[in-house]
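Please keep the sequence and the structure in view while reading.

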Amino acid sequence: MRQLTLIRHAKSSWSDLSLDDFDRPLNKRGKRDLPALAERMVRYELYPDCVLSSGANRAISTARVVTQALDIPFDEVQEIPELYASCYETLLNVLQNQPDRYRHIMMFGHNPGLEDLGFFLTQEPLVKFPTAAVMHIHLSITRWCELAESCGTLTLLDYPKLHAEHS
């Protein structure tokens, strides 16, 4: 049994149109949502033994706050170029090539790739997978190379608007 936690970056800013998409920072709402996301990760006890992230500014910023809350040294976050603007097949390939010593991988990235990967693995149609969303999947595999369609069970779907009435 393996576990996979997919996290979409927090809301990013479009205010500086001169910035390349890769370099866009978090906006005010993204910065506001991020501490609560990190707190929920701790409360859900989602402690990975491997963290992968897109190198995009907004994904790295999200990974930095979440890993800090989980007491994971940021230098253990593996920046994977293929996680930026990728289709789910590319994300799947990255995961299938991870060492089997990892039991729980946490991946920070982007849509539509993450949402499509979650659907591929679980066949659970999502109403939405917005920014700062978390999808946790239990996988019926013993090795990462076995990752395939319908091998997972969605055990958690969380995003900021589910908690809006409490903030």
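Ser150 is situated in the loop that runs between β5 and β6. In this predicted model, the phi angle of Ser150 is near 65°, a positive value in a residue other than glycine. Ser150 has a relative accessible area of 45% and is therefore classed as partly exposed, since that class lies between the limits of 20% and 50%.

A second residue of this kind is Gln123. Its phi is near 60°, again a positive value in a residue other than glycine. Gln123 belongs to the loop between α4 and β5, and its position is just after α4. With a relative accessibility of 32%, Gln123 counts as partly exposed.

**The overall fold**

The protein contains four helices and six strands. In sequence order these elements follow the pattern β-α-β-α-β-α-β-α-β-β. The radius of gyration is 15 Å, close to the 15 Å that the globule rule gives for 167 residues, so the protein is as compact as a globular protein of that length. Along its principal axes, the C-alpha trace spans about 45 × 35 × 30 Å.

Of the 167 residues, 48% count as buried. Among contacts with a separation of 6 or more, 74% are accounted for by residues 24 or more positions apart.

Pro112 lies in the loop between β4 and α4. The peptide bond joining Asn111 and Pro112 is cis, with omega of about 5°.

Helix α4 comprises residues 113-122 and is mostly covered, as seven of its 10 residues are buried. Which residues of α4 are buried? They are Gly113, Leu114, Leu117, Gly118, Phe120, Leu121 and Thr122. An α-helix has 3.6 residues a turn, so residues three or four places apart point the same way. The cover over the buried residues of α4 includes the strands β1 (2-8), β4 (104-109), β5 (134-139) and β6 (152-158), together with the helix α3 (88-96).

The table lists the relative accessible area of each.

| Residue | Relative accessible area |
|---|---|
| Ser54 | 0% |
| Ile72 | 14% |
| His136 | 3% |

Ser54 is found in the loop between β2 (50-53) and α2 (57-69). Why does Ser54 count as buried? The relative accessible area of Ser54 is 0%, and buried means under 20%, so Ser54 falls in that class. The side chain of Ser54 makes a polar contact with the side chain of His110, at 2.7 Å. Not counting residues up to four places away in sequence, Ser54 touches Ala59, Ile60, Glu79, Ile80, Leu83, Tyr84, Phe108, Gly109 and His110.

His136 is part of strand β5. At 3% relative accessibility, His136 counts as buried. With which side chain does the side chain of His136 make a polar contact? The partner is the side chain of Thr5, and the distance is 2.7 Å. When neighbours within four places in sequence are left aside, the residues in contact with His136 are Gln3, Leu4, Thr5, Leu46, His104, Thr153, Leu154, Thr155 and Leu156.

Ile72 occupies the loop between α2 and β3 (77-79). At 14% relative accessibility, Ile72 counts as buried. Leaving aside neighbours within four places in sequence, Ile72 is in contact with Pro48, Val51 and Thr67. Ile72 and Cys50 are 22 residues apart along the chain, and their C-alpha atoms are separated by 9.6 Å.

Note on methods:
Residues are numbered from 1 along each chain as its sequence is written. This is a predicted model: local features need pLDDT of at least 70, side-chain atom pairs count only at pLDDT 80 or more; totals for chains, interfaces and linings use all residues. Side-chain values use heavy atoms; hydrogens and water are left out. Helices (H or I, at least four residues) and strands (E, at least two) are DSSP runs, numbered from the N terminus. The radius of gyration is taken over C-alpha atoms; the globule rule is 2.2 Å times the number of residues to the power 0.38. Buried means under 20% relative accessible area, exposed over 50%, partly exposed in between (1.4 Å probe, protein chains only). Contact means heavy atoms within 4.5 Å. A polar contact is a pair of N or O atoms within 3.5 Å; within protein, one must be able to donate a hydrogen and the other to accept it, and residues adjacent in sequence count only if both atoms are side-chain atoms.
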